[in-house]
Amino acid sequence: MTRNSYLFASESVSEGHPDKVCDMISDAVLDTFLAADPFARVACETLVTTQQIVLAGEVRGPASITPEVIEQVARETVRQIGYEQDGFHWKTADVKVLLHSQSADIAVGVDAAGNKDEGAGDQGIMFGYACRETEVLMPAPIYYSHKILKSMADARHSGAVKGFGPDAKSQVSLLYVDGKPVRATSVVVSTQHDEGLSSADVDALVRPFIANALPEGWLTDETVYYINPTGRFVIGGPDGDAGLTGRKIIVDTYGGAAPHGGGAFSGKDPTKVDRSAAYAARYLAKNVVAAGLGDRCTIQLSYAIGVSRPLSIYVDLHGTGNVDESRLPGVIDQVMDLSPRGIREHLGLNRPIYKRSAAYGHFGREPDADGGFSWERTDLVDALRSALS
C-alpha cells in the first residue's frame, strides 16, 4: 500500500463499561457542585467493582453537598445507566465517599488575588484536533464507533430492543485511500446480553445498528464482523471488571487519530486545564478547519500550575493548509483569551454540563441550548478569517 492507503481503527465503550460508569459518577458529582456553586472546585475520582463504589479526591464547595448527597448522586447515576444486577445494583451497592477539602497549596496557586489572575490548576500539555472526515469534523473511525454504541444504548433505554445489557464495546477499522476513508474492513461489537440469548440471537440484534450507523456503501461483502467474539457476555460491568475514572482518554478524544496530552477529563472542574484547555484546543482546531484554513488541524497548548497564560501554542495543518501556518499561533491567541479564566468565560464552562459528556466522546457532539458542548461551536470562523486577511 502507498503511504496514503492504509487501515486505521478506533474503539468506543458504552456508558455501562466499568471505566465509563466511573467517569459518569465523577462528572455527576461535579455537576452537583457546579449547580450549587458555579465556582466550586472538584477533583473527583471513582472506583467500582463488584457491589462497591468508592469516591475519593478533593473538593471546595457548599457545605450542603454532604457525603449523603454525593452517595445518592452516585446511586442515581448507576440507576440511570441501568445496573440492577446481583453483582452490581444501584440500590444495594456499598458506597464509600472519601472526598476531602482541596489542598490550600493548590488553591493559592490557582485563585486570583490582587493583581494576580487565576492560574492553571496544573501543568500539562493539551491537544485539539479536527478534520474533514465527517460532518462534525471528527476522525471517522471514532465517530462511527461511538455512533454504533450510542444507538444501541438509546434502544436499550427506550425499550425498543430487549436483550442488551449496559456494558458494551465497539471497534471500527476503515480503509483509507489517498488519505480518505472509503469503507469498513472490520467491525467489532461486544455487548452484554440477557441470559438465554445465543450468539446468533445477539448477532441478529446488533447488525442493524452497525448498518444504520455507517455511511451507505461502507459495509461491503468484504467487511468482516466480530460480534461477541468470545461467545457469552452475561456477566459484565463492574461485576466483571473493575473500573476507574480517566482510563478511557483515547475513547474520550480522537480514537488515536491525534495526539493526547495524557490528562483525563471527568471529575475535574474547569480550572483544571487538563479539561478546559483540551476543550479550547478542540474548539480552535474545529474553527480553523470550518474556516477553510486547512483540511486537518492539530493544536497543542501548554500550561504551568498557577500561571495564567499558556506557555506555548503550536498549530499543525498537516500539509493541508492554504494560509501561512506560522501566523496561526498568534492569530489564535488574538481571537481567544487562553487563560483559564478566559477559556471558562468564553465557553461558559462553569455550568453543570459535564455528565452528558462522559460517555460516547467529548468531541463531535452537537452544542446544547444550555451551553453543553459549547466547544463544538464554530462561531470563531469569521474572527479567524478577519485576523488573517
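Analyst: Contact means heavy atoms within 4.5 Å. Helices (H or I, at least four residues) and strands (E, at least two) are DSSP runs, numbered from the N terminus. This is a predicted model: local features need pLDDT of at least 70, side-chain atom pairs count only at pLDDT 80 or more, and totals for chains, interfaces and linings use all residues. Residues are numbered from 1 along each chain as its sequence is written, and side-chain values use heavy atoms, with hydrogens and water left out.

User: Which residues of H7 meet which residues of H10?

Analyst: From H7, Asn287, Val288 and Ala290 make the contact. Their partners in H10 are Val381, Leu384 and Arg385. Sort them by class: Ala, Val, Leu, Ile, Met, Phe, Trp, Tyr, Cys and Pro are nonpolar, Asp, Glu, Lys and Arg charged, and the others, Gly among them, polar. The contact of H7 with H10 then has four nonpolar, one polar and one charged residues.

User: At what angle do the axes of H7 and H10 cross?

Analyst: Axes are lines fitted to C-alpha atoms, for helices over the stretch in contact, with angles from 0 to 180 degrees between N-to-C directions. Here the axes of H7 and H10 (residues 381–388) cross at roughly 70° and come within 9 Å. H7 is therefore roughly perpendicular to H10. The classes are roughly parallel under 35 degrees, roughly antiparallel over 145, roughly perpendicular from 65 to 115, and oblique for the rest.

User: Which residues lie nearest the centre of the second largest pocket?

Analyst: Gly82, Phe164, Gly165, Pro166 and Asp194, out of 19 lining residues. Helices H2 (67–81) and H4 (140–158) and strands S4 (84–85), S8 (164–177) and S9 each give two or more. S8 has the largest share, three residues. The volume of this second largest pocket is about 360 Å³. Its lining has four nonpolar, nine polar and six charged residues.

User: How many cavities of 30 Å³ or more are there?

Analyst: Two. The largest cavity holds about 80 Å³. Of its 13 lining residues, Met126, Phe127, His260, Gly261 and Ala278 are closest to the centre. S7 and H7 (273–290) each supply at least two lining residues, and S7 gives the most, with three. The classes are seven nonpolar, five polar and one charged.

User: Which residues line the second largest cavity?

Analyst: Ser14, Leu149, Met152, Ala153, Arg156, Phe164, Gly165, Pro166, Ala168, Thr191 and Tyr360. Seven are nonpolar, three polar and one charged. The space in the second largest cavity is about 70 Å³.

Note on methods: On a 1 Å grid over the protein atoms alone, a cavity is a set of points where a 1.4 Å probe fits but cannot get out, and a pocket is an open set with protein on both sides within 12 Å along at least five of seven lines; lining residues have an atom within 4 Å of a point. Grid points are joined across faces, edges and corners, and a volume is the space filled by probe spheres set on the points.
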